[in-house]
Each structure stands twice: as C-alpha cells, then as structure tokens.
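Please read it alongside the sequence and the coordinates.

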Amino acid sequence: MKRLKVAGIYLVAALFVGFTACSFEALAAEKSPQQKADHKAIAKGLQDSLGVPILTGDLWQKMDNDSKVAFIWGFGHVVTIEHHLMAKYPELKRDSFVPKVVEGMANIPMNEVVARVDKYYSANPDQIMEPVTRVIWTTMIRPNVKTGIAGRPLPKTP
C-alpha cells in the first residue's frame, strides 16, 4: 500500500511538471533563441526543484502498454479534478491548460492517445527528447482548440 501511495505521488508530480513544461511552451507564440534557452532553463529548474524527470520519448518507448495507459489515465485524472473544481468554485475558473485539454481531447480514448504518441515518436525519431505532454499538446489538443492558453492566439505552425 505504501508503494502504491509513493507511486501515486510520483505520478502526480510528474504530470504537474509535464503540464507546466507544456504550458510554458504553449504561451510563447514565436520564440527567439533566448526564449528557447529560457524555456529549457525553466524546464530544467522544474525538474531539479521537484526531483522528478519529465517523461520524454526515450523512456516512453521503453514502457509497456499498461504503463503508458496508466500515465494517460493519471494525466486525465489531474485534468478532470481541476476541471471539476473550476466548475464547483467559479473563482478558480480561468483559461488555462486544463480547459484546453478538455476542449482538445474530447472523445479521444486513452488507447488512441497512446497509439498517437507511439506513432509520433516512430515517425519523428529526432524528436525523442520531446516531453510526452508536448506531443499530446501539438498532435491532439492544439489542432482542436480555437485559441491558445489565456485566450492568446495560437502561433502558426510551419
């Protein structure tokens, strides 16, 4: 039971770091070399301060399917909890990453999310160090949302 609790805490912390890293990426429309360096420093700082690595494609590809589904399930639970809290307490409502996930991933089953992430890393081996949450944002959420986080315009994709 203690191991399960520790694993749950680790998963929530990893999801938080992944969400936060993806959120910083989504907020910047066009990035200069300095902004890119700043983003990497922020992601590293989050990883160092929380002591939890961000899940990237190198580890994702080594995980079994059940572990991948568990990660997506945990990702969904964090989003669902915050979404319900914003509905219950209107003062928490904001145009953050969570409503974008809800809007962009409506009706996409967990196994489909896993398959799309697998497909992304297979098709883009040079992007193996991209965080899984960024892959989810760019391939599944972003194409299905009208505006970016905090109502900002979505940057044009190349």
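The model is predicted, and the protein has 7 helices and 0 strands. Its mean pLDDT is 76, with 66% of the residues scoring at least 70. Of the 158 residues, 35% are buried.

**Overall architecture**

- Read from the N terminus, the order of elements is α-α-α-α-α-α-α.

**Confidence**

- Among the elements, the lowest mean pLDDT, 44, belongs to helix H1 (residues 2–27), and the highest, 96, to H6.
- The pLDDT is below 50 over residues 3–17, a stretch that has 16 contacts in the model beyond near neighbours in sequence.
- Residues 19–30 likewise stay under 50 in pLDDT; for them the model has 29 contacts beyond four places in sequence.
- Where pLDDT is low, the predicted coordinates should not be read in detail.

**Packing of H6 against H7**

- Two packed helices are described by the angle between their axes and the distance between the axes.
- For helix H6 (residues 110–123) and helix H7 (residues 132–141), the axes come within 10 Å and cross at roughly 100 degrees.
- Because angles of 65 to 115 degrees count as roughly perpendicular, H6 is roughly perpendicular to H7.
- H6 contributes Val 113, Arg 116, Val 117, Tyr 120 and Tyr 121 to the contact, and these meet Val 132, Val 135, Ile 136, Thr 139 and Met 140 of H7.
- By class, the residues of this contact between H6 and H7 comprise 8 nonpolar, 1 polar and 1 charged.

- The buried residues of H7 are Val 132, Thr 133, Arg 134, Val 135, Ile 136, Trp 137, Met 140 and Ile 141.
- With 8 of its 10 residues buried, H7 is largely enclosed by the rest of the structure.
- In helix H5 (residues 97–104), Phe 97, Val 98, Lys 100, Val 101 and Gly 104 are buried.
- An α-helix has 3.6 residues a turn, so residues three or four places apart point the same way.

**The loop between H5 and H6**

- Ala 106 lies in the loop between H5 and H6, and Asn 107 is found in the loop between H5 and H6 as well.
- Ala 106 counts as partly exposed, at 46% relative accessibility.
- Asn 107 is exposed, as its relative accessible area is 79%.
- Ala 106 and Asn 144 are 38 residues apart in sequence, while their C-alpha atoms are 9.0 Å apart in space.
- Most residues other than glycine have a negative phi.
- Asn 107, although not a glycine, has a positive phi of about 65 degrees.

**The loop between H2 and H3**

- Pro 53 is located in the loop between helix H2 (33–50) and helix H3 (57–60).
- Pro 53 has a relative accessible area of 41% and is therefore partly exposed.
- Between Pro 53 and Pro 131 there are 78 residues of separation in sequence and 9.9 Å in space, C-alpha to C-alpha.

Key. Residues numbered from 1 in each chain as written. Predicted model: local features only at pLDDT ≥ 70, side-chain atom pairs only at ≥ 80, totals over all residues. Heavy atoms only, no water. Axes fitted to C-alpha atoms, helices over the stretch in contact; angles between N-to-C directions. Helix = DSSP H or I, 4+ residues; strand = E, 2+ residues; numbered from the N terminus. Parallel < 35°, antiparallel > 145°, perpendicular 65-115°, else oblique. Contact = heavy atoms within 4.5 Å. Nonpolar A, V, L, I, M, F, W, Y, C, P; charged D, E, K, R; others polar. Buried < 20%, exposed > 50% of the residue type's maximum accessible area, 1.4 Å probe, protein only. pLDDT = per-residue confidence, 0-100.
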